[in-house]
2 protein chains.
Amino acid sequence: MKKKACKEVGIDSFGFDYPEDVTQEELLAKVAELNADPKVHGILVQLPLPSHIVENAVTSAVHPDKDVDGLHPVNCAKLVTAQTHGGSVKMNWKELSSIPFHIACTPQGCIELLDRSGVDIEGKRAVIIGRSNLVGMPVSLLLNHRNATITIVHSRTADAKSVVQEADIVVAAVGRAHMVKADWLKEGAVVIDVGINSVDAPDTKKGYRLVGDVDFKECEGKCSKITPVPGGVGPMTIAMLLRNTVNSAKRVAGI
Amino acid sequence: MKKKACKEVGIDSFGFDYPEDVTQEELLAKVAELNADPKVHGILVQLPLPSHIVENAVTSAVHPDKDVDGLHPVNCAKLVTAQTHGGSVKMNWKELSSIPFHIACTPQGCIELLDRSGVDIEGKRAVIIGRSNLVGMPVSLLLNHRNATITIVHSRTADAKSVVQEADIVVAAVGRAHMVKADWLKEGAVVIDVGINSVDAPDTKKGYRLVGDVDFKECEGKCSKITPVPGGVGPMTIAMLLRNTVNSAKRVAGI
């Protein structure tokens, strides 16, 4: 899907497939080669890696400038510290393409969805369900940078329902099928559903279907906006991966 | 004050003072020298630096293992990603001395204060006022790691008062004298006041006095616990700086 998307927009992409028993050294050698190749502007380590590989060692080996996934520690750190640290440049968080480092794709896609849908983020109460490094934490930081007042709900939150009821914007990224019900939501809330959960569906050909963290059918009437699963956030993730890669190339070219 | 504290606990400390017109190269050379010196376990760049110096360039030059201030991007990144990223080691956030990287001193001191005062953090609603990289963001992350449900209030928050009223634990780190009043607080809330603000006091010898972000006199009766300014968080910051330095030495010694 990612390769197809690259082709559509004119990005040359090439993949390197390895057997299950690949060594960490082989992977690191390939990453080093791609880091050094000036024709390469983006490197994506497809996760998960086999269990004998230290995943962080490989993802951290990607040069931060080519880390179009936005998962390198340096890029994570910039997302936390870029706005307010003494001596740092003030970022324009309203124009994500202008941010001079890579932001993780799914979180970036959530913000883009809100912007393109005309949702005003500034000053709103945003509740993020889930605190993973891939989605929950970075999307919380982005919403904070956009001046939402963020609250992070997780498995240890007492009475998650009443916390979510405070939200103007809900981002559900917890991985629990249909956890969020209509009575969890304030009337007119905006809901971004990042969850992709497989549930049994004996009546279907595959025997399962994919559903979000939000009970779409129940919540649809209560929200002002809601993203479907599949088809909502998923395509945005790929679009942001392409954006990061294009931005990387533009920065190298100085344009 | 820091040097005195070092002496008390048996840490050798030595300072290097520079004139206002010091060059960035000179500072970077000194940092490189101290990075390379195996007898040095902690390096502290005293901020602010003169305006012709790129502050981030100097603080980022300190080796992360010796960054006892916890401000290096690598240490910031670890604070965001350490707990939940695939492939990472699970941290024991209940024992901050066991964390294998440096955590910023003031935020760490806030958690230590809560722990030493017997405040249960898990599952509580914590509202952090202020989102600076020095205090607000890292203390938010620490409270999240300790399983509080965090909300970050800032200058763009609509109705900060009603948000703070939800909090079991309030950390005020915004730098506005006496912003938090008694009617901002839930009965029995725990309040950590990080603010240090200078207000005019013509009746005093100095002509000013230091007050916190919380109106201590007004709030004292409503909280279950509250830290004074000065004398609350301040001494903890220095204590955590010493802890980071000792931990750094222990890690090098493998004990």
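Buried means under 20% relative accessible area, exposed means over 50%, and partly exposed lies in between (1.4 Å probe, protein chains only). By that rule A:Gln108 is buried, with a relative accessible area of 1%. This is a predicted model, in which local features need pLDDT of at least 70 and side-chain atom pairs count only at pLDDT 80 or more, while totals for chains, interfaces and linings use all residues. Residues are numbered from 1 along each chain as its sequence is written, chains are lettered from A and ligands numbered from 1 in the order in which they are written, and side-chain values use heavy atoms, with hydrogens and water left out.

**Surroundings of A:Gln108**

A:Gln108 lies in helix H5 (residues 105-116) of chain A; helices (H or I, at least four residues) and strands (E, at least two) are DSSP runs, numbered from the N terminus. Its side chain is joined to that of A:Arg243 by a polar contact of 2.8 Å. A polar contact is a pair of N or O atoms within 3.5 Å; within protein, one must be able to donate a hydrogen and the other to accept it, and residues adjacent in sequence count only if both atoms are side-chain atoms. Not counting residues up to four places away in sequence, A:Gln108 touches A:Leu96, A:Ile103, A:Leu142, A:Met240, A:Arg243 and A:Asn244, where contact means heavy atoms within 4.5 Å.

One of these neighbours, A:Leu142, is also among the buried residues of H6(A). That helix is mostly covered, with 10 of its 10 residues buried. Just after H6(A), A:Asn147 takes a positive phi of about 70°.

**Contact between chains A and B**

The contact takes 34 residues from chain A and 34 residues from chain B. The area buried between the two chains is about 3200 Å², of which carbon and sulfur atoms give 51%; buried area is the accessible area (1.4 Å probe) that two parts lose on being put together, summed over both. Between chain A and chain B there are four salt bridges, a salt bridge being a side-chain nitrogen of Lys or Arg within 4 Å of a carboxyl oxygen of Asp or Glu. One salt bridge pairs the side chains of A:Glu166 and B:Arg125 (2.9 Å, N to O).

On the side of chain A that touches chain B, the elements giving two or more residues are helix H3 (55-59), helix H4 (73-81), helix H6 (136-145) and strand E2 (149-153) of chain A. The largest share, five residues, comes from H4(A).

**Cysteines**

The whole structure holds zero disulfides over all chains, a disulfide being a pair of cysteine sulfur atoms within 2.5 Å.

| Cysteine | Nearest cysteine sulfur | Distance |
|---|---|---|
| A:Cys110 | A:Cys105 | 11 Å |
| B:Cys223 | B:Cys219 | 5.4 Å |

A:Cys110 is buried, with a relative accessible area of 1%. B:Cys223 also counts as buried, at 11% relative accessibility.

**A loop proline in chain B**

B:Pro64 sits in the loop between helix H3 (55-61) and helix H4 (73-81) of chain B. With a relative accessible area of 19%, B:Pro64 is buried. Leaving out residues up to four places away in sequence, B:Pro64 touches B:His72, B:Val74, B:Asn75 and B:His102. B:Pro64 and B:Phe16 are 48 residues apart in sequence and 20 Å apart in space, C-alpha to C-alpha.
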